[in-house]
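Subject: A structure to look through, with notes

Hello,

Please find the structure below, followed by notes on what was found in it.

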Amino acid sequence: MKKIFGAKKNKDPPPTVQDATDRITKRGDTVDDKIKKLDAELARYKEQIKKTRPGPAQEAIKARAMRILKQRRMYEGQRDMLYNQTYNLDQVAFAAEGLKDAQQTMTAMKAANKELKGMMKTVKLEDIDSMQDEMMDLMDVSNEIQETLGRSYNVPDDIDEEELMGELDALEADMDFESESVPSYLQPDQESELNLPAAPTGHAAAPANQQQEDELGLPTVPQASIRT
């Protein structure tokens, strides 16, 4: 049967946007090479026209340069057309990439939405409020325990301002009484310290009528009384 009707041919997959862009870019490069060659020929003809005298020879060179110039303009038109096609393909590729990104974003958001719904089923707002109330009660009890443990023993807490000032005045009066009961000679002078006699320094001078003694403790004889 296949020999009679022929086998079904497999169709080639359609070209992608990138394939079309690459093909057009390659054609554009070929056109640019042709334009460069024509520019070189035009430059050569221009130099020949300058060196040639007006006449049939110069006119022939101008005719060839005119033909090259027309070809160059034709290739420039083709190149501009290819550039426009490439620009359109780039726009299509950008739009396609944007749609792909949007699809991926939607897929990720759907998965996240499904996961959040599953998590919300396990978390109840009433349970959170109840837990918060229990935590506040526990903190209040903890503060009461800390205040009870930090309370001082046998210290009155109900002292008003008048009682405090009275206690301070009584303490100041006691301090003044104690300072007055100290003798005056024991109180330090404001300008100088106690006026006490100075301690003796050096050896004391012997009285004039005191008799001198020798090494053995006997009174010495004055030398003036010894006669020779």
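A residue is called buried when its relative accessible area is under 20%, exposed when that area is over 50%, and partly exposed in between, using a 1.4 Å probe and counting protein chains only. Before the findings, please note that this is a predicted model, in which local features need pLDDT of at least 70 and side-chain atom pairs count only at pLDDT 80 or more, while totals for chains, interfaces and linings use all residues. Residues are numbered from 1 along each chain as its sequence is written, and side-chain values use heavy atoms, with hydrogens and water left out.

**Confidence**

The pLDDT, which is the predictor's confidence in each residue on a scale from 0 to 100, has a mean of 77 over the chain, and 68% of the residues reach 70 or more. Over residues 190-194 the pLDDT stays under 50, and the model gives this stretch two contacts beyond four places in sequence, where a contact means heavy atoms within 4.5 Å. Residues 224-228 also have a pLDDT below 50, with one contact in the model beyond near neighbours in sequence.

**The chain as a whole**

Helices (H or I, at least four residues) and strands (E, at least two) are taken as DSSP runs and numbered from the N terminus; on this basis the chain has five helices and zero strands, so that its pattern along the sequence reads α-α-α-α-α. Of the 228 residues, 7% count as buried. Among the contacts with a separation of 6 or more, 61% are between residues 24 or more positions apart. The chain exposes about 21800 Å², of which carbon and sulfur atoms supply 56%; accessible areas come from the Shrake-Rupley method with a 1.4 Å probe, and for residues only the protein chains shown count as cover.

**Helix H3 and what covers it**

Helix H3 covers residues 56-122. It has 67 residues and reaches 100 Å from its first C-alpha to its last, close to the 99 Å expected at 1.5 Å a residue, the expected span being 1.5 Å times one less than the number of residues. Its buried residues are Gln58, Ile61, Ala65, Ile68, Tyr75, Leu82, Thr86 and Leu89, and what covers them includes helix H2 (17-51).

Two of these buried residues can be followed in the view. Gln58 has a relative accessibility of 10% and therefore counts as buried; leaving out residues up to four places away in sequence, Gln58 touches Ile49, Thr52 and Arg53. Thr86, at 15%, is buried as well, and its contacts beyond four places in sequence are with Thr21, Ile24 and Thr25.

**Salt bridges**

Side chains of opposite charge can pair when their charged atoms come close. A salt bridge here is a side-chain nitrogen of Lys or Arg within 4 Å of a carboxyl oxygen of Asp or Glu, and a search of the whole structure finds three.

One joins Arg79 to Asp32, with the closest N and O atoms 3.4 Å apart. This pair links distant parts of the chain, since Arg79 is in helix H3 and Asp32 in helix H2, 47 residues apart. Arg79 is partly exposed at 22% relative accessibility, whereas Asp32, at 17%, counts as buried.

Another is formed by Arg72 and Asp39, whose closest N and O atoms are 2.3 Å apart. Because Arg72 lies in helix H3 and Asp39 in helix H2, the pair ties together parts that are 33 residues apart in sequence. Arg72 is partly exposed at 21%, and Asp39 is partly exposed at 30%.

Glu76 also forms a salt bridge with Arg72, again with 2.3 Å between the closest N and O atoms; both residues lie in helix H3, four residues apart, which is about one turn of the helix.

**A nonpolar surface patch**

Val123, Leu125, Ile128, Met131, Met135 and Leu138 form a nonpolar patch on the surface, with about 580 Å² of accessible area together. Patches are made of residues with over 30% relative accessible area and no salt bridge, with like charges joined within 9 Å and nonpolar side chains (Val, Leu, Ile, Met, Phe, Trp, Tyr) within 5 Å. Met135, in helix H4 (residues 125-149), is partly exposed with a relative accessible area of 46%.

Best wishes
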